[in-house]
Amino acid sequence: MSEEKAKLELQSVRCIRGERLLFSKLNFQCAAGTLVRIAGPNGTGKTSLLRLLVGLMQPQEGQILWKNEPIKKLKEEFWKDLVYIGHLNGVKDELTARENLLINCEIGEHPVTKEQADHALAMVGLEGFEDHYTRHLSQGQRRRVALARLYLSRHAGFWVLDEPFTALDVKAVANLANLIVEHVNEGGIVAFTTHQEVPIAANNVQRIELTGGRWLNGRMVKKHDLAGEVA
Ligand SMILES: Nc1ncnc2c1ncn2[C@@H]1O[C@H](COP(=O)(O)OP(=O)(O)OP(=O)(O)O)[C@@H](O)[C@H]1O
């Protein structure tokens with residue numbers, strides 16, 4: 001991990017998608033070594049919040065800071081610290097499982113050996129599939145190829161994971177939960193969404209609870225209440 005300590009801050013963040021105001025005045029802060037669980041029912045904005053955290057979307061108001069600098073300004077400096085595993089796996093069909101890992105790590109400027117890549121695949125239960133083209137793998141297996149990258153990403157201080165435990169079997173869930181705990185306890189920040197109550201015994205856990213939102217243009221359907229803030 002880079003020398004400077006991880007720190008994440010959200011300052012009065014407002015998020016609108018389509019005609020819905022999902023949340024506003026969202027303030028949050030956490031230091032190195034924190035597991036951040038983003039919880040809430042379907043459609044309340046969990047994935048949207050992750051996309052804001054990684055800079056794929058911009059908030060309508062407010063800002064997000066990484067190591068005290070707005071992520072908008074940091075660009076490559078921020079991306080080097082970041083691993084984002086979203087819904088769309090970012091796994092290339094025309095490459096084998098192993099090649100996907102080798103190339104992703106190369107692009108991220110942290111090249112790994114074939115043996116390291118194969119170990120990561122084994123940790124997500126893909127032993128024996130190293131040379132398979134990912135177009136021939138199931139959705140769940142493709143997701144595992146994406147997640148295997150985490151085993152090779154200990155240098156990155158900020159992991160952002162959308163439903164990482166979905167489609168994993170019991171052993172792979174336990175392995176991944178252990179990896180996340182180790183990463184957090186070594187000073188990383190891991191923000192993740194999950195519908196499953198997976199026990200993750202990190203020392204420092206914070207939770208962002210999204211509970212609703214409202215339609216814009218007067219189409220009010222649900223009371224908005226986010227960590228005590230009203231939209
Ligand atoms: N591209 C888009 N354009 C317009 N509205 C969108 C878009 N993407 C998402 N939304 C709306 O934003 C809201 C929040 O979506 P989001 O995917 O962030 O929720 P979520 O909490 O992650 O949901 P889930 O638990 O079902 O994955 C939903 O009401 C959705 O319809």
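A: Strand β1 (residues 7–17) and strand β4 (residues 61–66) run antiparallel and are joined by 5 bridges. Strands (E, at least two residues) and helices (H or I, at least four) are DSSP runs, numbered from the N terminus, and two strands pair if DSSP finds at least two bridges between them. The model is a predicted one, in which local features need pLDDT of at least 70 and side-chain atom pairs count only at pLDDT 80 or more, while totals for chains, interfaces and linings use all residues. Residues are numbered from 1 along each chain as its sequence is written.

Within the pair, Glu9 is opposite Leu65 in β4. Both strands belong to an open sheet of 5 strands with antiparallel pairing, in the order β5-β4-β1-β2-β10. β5 (69–70) and β10 (214–215) are the edge strands; each has a single partner, so one of its sides has no neighbour in the sheet.

Helix α1 (residues 46–53) lies across β1, β2 (20–31) and β4, at about 125 degrees to β1. Contact means C-beta atoms, placed from the backbone, within 7 Å; angles run from 0 to 180 degrees between N-to-C directions of axes, which are lines fitted to C-alpha atoms, for helices over the stretch in contact.

Note on methods: Contact = placed C-beta atoms within 7 Å.
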